[in-house]
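Dear colleague,

Please find below the structure that I am handing over to you, with its sequence. My notes on what was found in it follow directly after.

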Amino acid sequence: MKKAILYINQFFAGIGGEDKADHAPEIREGLVGPAMALDGALKNAVVTHTIICGDNFMGSREDEAVEKIMEFLSDKEFDIFFAGPAFQAGRYGNACGVICKAVKERFGVPVISSMHEENPGVDMFKKEVVIFPGGKSAAAMRKDTKKVAAYGDKILAGEKLGNAQEEGYYIRGIRHQVIDKTMEPASKRAMAMLLNKLSGQEYTTELPIPKVERVPIAAPIKEMASAKIAFVTSGGIVPADNPDRIQSASATRWGMYDISAEARLEGNGVYKTIHAGYDPAAADADPNVCVPLDALRAYEKEGRIGSIDSHFYTTVGTGTTEAEAARMAQEMIVHLKEHNVDGIILTST
Amino acid sequence: MKLELGNFHVKDARFGEKTYFEDGILTINKEEAIAYVMEDEHITSADIIIARPGEAKRIVPVKEAIEPRCRVSGGPVFPGVTGGIETCGNGRTHALKNTSVLAVGKHWGSFGDGLIDMSGKGADYTYFSQLINICLVADTDEEFERYEQQKKNKAIRWGAMRLSEYLGSAVKDMEPQDIETYELEPVSKKSPEVAKLPSVVYVMQPQSQMEEQGYNDLVYGWDANRMVPTFMHPNEILDGAMISGSFMPCSSKWSTYDFMNNPTIKELYGNHGKTVNFLGVIMSNLNVAMEQKERAAMFVANMAKNLGADGAILAEEGYGNPDADFIACYRALEDIGVKTVGMTNECTGRDGQSQPLVTLDEKANAIVSCGNVSQLVELPPMDEVIGELAALGRDGLSGGWDGDEKLGPSVREDGSVIMENNSMFCGDQVSGWSRKTMKEF
């Protein structure tokens, strides 16, 4: 029989309400509170331990709480981890999300929770944690527990898992293609959708537009004359032998190259573009059209900027996913900070 | 305009003494066909290989697919491309159904080329696994692009068009097994019953991202990059006015076969006079500069408005940069009150977590989604490879690679492959065949 561990808060452990919300994390062998319902509903696992933590403790001393709980778990054998249900309780939802995410990252086991749709924990953690829609209050305990147990049983049995809609958990912005030969072809789906849209009837888009994450615009540079400026490009400009083997499309690699001795980026076998998403002729002939080092050197000479970073940073943007791009940027930022760069000119294609 | 497409249903294709069609069998005089193709001096070697559905064959690098046809009046099947300019979409064209002529590199692949498996799991990823494919496997003297990742592939693409005309001519004087008739009245001459239905246009955004000529889709032989959106009769598209290009990652591509058989046009025709008043096609493009994108969107919206469109189906041949055209056009149409449904694929990454389109707008609230270009696909070896399997990893195909830290090379020693959906030949079928969609996991 596989083993499961459940996380709950001080209230559902029967320790107390708001006055006990500072309760420090503890682990108990066996079943406490909701663990009984979960253990009863699970067919393919037994709940061996219950972890209890006060909502305030988790909210105000998160690092300490997570560290302690990781310590509790480090010598336990378990195949799956549950938290909650947290219903509409916001702090409890946050706690369930925090701990599920940490357990998943540290131990690599499936993590499942349940929350009411208005619980802020849903939006905060649905990407990392499978969260099932739950009731507003503890009256839904049995029903909510059944849902998470059924999905947990399916995972533990190694059954083929359906998509978010089929399984019933909150959608997470993780989209994969599905081939279904019984489905109407796209032409008929489009026609049906158009007729519904024209007549004001309901239809379901196959690509719900997610909310766009925006990066706040940085404060302006006060003294341009003393600022150090760096080039970062997704235009695929590299030394002609492409030493870091950056891919021409769907890039996962990037490079940084020393230009401290260069007045401009020479074409003709010195620098070139390996980007497969645009006509390379102009950038191969003169890489400065993509990374305008020549123009910036002129600014440097004229004293309009302080200096140019010793390196430029480069990858390929075509087909490169947002997630990979963000990771590569995080890796570049380490060097940009080390080089005390004040501003970046980000060039694309 | 009235187009009659006379169909000859091919049950099998084989080689024989002469080229003719009888009892569902297309017999090809291989020598004569190859000699016809090799009249183009740029083709240095050519072979014809037949691949049937269910056979353990893998075809790569595939550059183009064309339905074998002939224009009964004697003109070129592809006006402005394989012959002089003349209006198409009117009169009789004969087609060898259930077959396509594929342009296959004997060795060399390029960014926009794709792969077709004729059986097994791989056959789920492209429409062309269901057809009897007459593969023109050729090499050319186009040395200027031999080692380029982007290739125009002109000689072999034109060779395949000419081969399709050669095969099609076998049924020129025969009586078709059935005839599909496509007739659409001029916009201002609809009957009152039709005119009272909601008026709709089909907005097509064919690929035109390359500044240099030779890579983009062609409209009557004219580079789609060099035009502003224009109004076309749907019959023109069904009858050879549009030629596919040689640039876009393959799963997003619309082959010439896809244009000739566009399922969305046929669907709109099927609904014309019943649920909608189909006005026609607005042929746009997918240029790279922002101003060009905005200009095209403006032209499309103005044209739709002045045609009196209530609704539109909008489809893009591409992803990434072209998503900006798709969304700009979608927004422009919605802003003037044209209720729009979009057709596209997505690029959500191998983990499915990336933003599906490069740019988004809440106005794009009705989309049919046809696949994820970056989905990883692993396929077992096939008994026979038509073309050269190494091309997938070696020649910079959009969904292949020569090495990867985690995944190893795309092409393995045992002949199995791991690749991105990107290189499935016309795999996302945004022109309308797609029985794929995207789901949340």
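Against which strands and which helix of chain B do the buried residues of α7(B) pack? They pack against the strands β13 (199–205), β16 (230–232), β18 (277–283) and β19 (311–316), and against the helix α8 (321–335), of chain B. Please bear in mind throughout that this is a predicted model.

The buried residues of α7(B) are B:Lys293, B:Ala296, B:Ala297, B:Phe299, B:Val300, B:Ala301, B:Met303 and B:Ala304. The length of the helix can also be checked. Helix α7 of chain B covers residues 290–307, and at 1.5 Å a residue its 18 residues should span 26 Å; the C-alpha atoms at its ends are 26 Å apart, which agrees. Just after α7(B) comes B:Gly308, with a positive phi of about 85 degrees.

Chain B also holds an open sheet of four strands, in the order β7-β8-β1-β12, whose pairing is mixed. At the edges stand β7 (69–71) and β12 (178–183) of chain B; each has a single partner strand, so one side of each is left without a neighbour in the sheet. On average, neighbouring strands of this sheet are turned by 20 degrees against each other, direction ignored. Within the sheet, strand β1 (residues 2–9) and strand β8 (residues 91–97) of chain B pair in the parallel sense over seven bridges. In this pairing, B:His9 stands opposite B:Lys97 in β8(B). Helix α2 (residues 154–168) of chain B packs on the sheet and touches β7 and β8 of chain B. The direction of helix α2 of chain B makes about 75 degrees with that of β7(B).

I turn next to the contact between the two chains. Chain A brings 48 residues to the contact, and chain B brings 65 residues. On the side of chain A that touches chain B, α7 (164–167), β7 (175–179), α8 (186–198) and α11 (322–338) of chain A each supply at least two residues. The most comes from α8(A), with eleven residues.

A cis peptide bond joins A:Gly84 and A:Pro85, with omega about 0 degrees; A:Pro85 is found in the loop between β4 (80–83) and α4 (90–107) of chain A. Another cis peptide bond joins B:Val60 and B:Pro61, with omega about -5 degrees, and B:Pro61 has its place in strand β6 (residues 57–66) of chain B.

B:Asn98, with a phi of about 70 degrees, is in the loop between β8 and β9 (99–105) of chain B. B:Tyr220, with a phi of about 50 degrees, is in the loop between β14 (218–219) and β15 (222–223) of chain B. Are these residues buried or partly exposed? B:Asn98 is partly exposed, because 19 other C-beta atoms lie within 10 Å, where a buried residue would have 20 or more. B:Tyr220 also counts as partly exposed, with 18 C-beta neighbours inside 10 Å.

With kind regards

Terms used
Residues are numbered from 1 along each chain as its sequence is written. Chains are lettered from A and ligands numbered from 1 in the order in which they are written. This is a predicted model: local features need pLDDT of at least 70, side-chain atom pairs count only at pLDDT 80 or more; totals for chains, interfaces and linings use all residues. Two strands pair if DSSP finds at least two bridges between them. Axes are lines fitted to C-alpha atoms, for helices over the stretch in contact, and angles run from 0 to 180 degrees between N-to-C directions. Two residues are in contact if their C-beta atoms, placed from the backbone, lie within 7 Å. The expected span of a helix is 1.5 Å times one less than its number of residues. A residue is buried if 20 or more other C-beta atoms lie within 10 Å of its own, exposed if 12 or fewer, and partly exposed in between; C-beta atoms are placed from the backbone.
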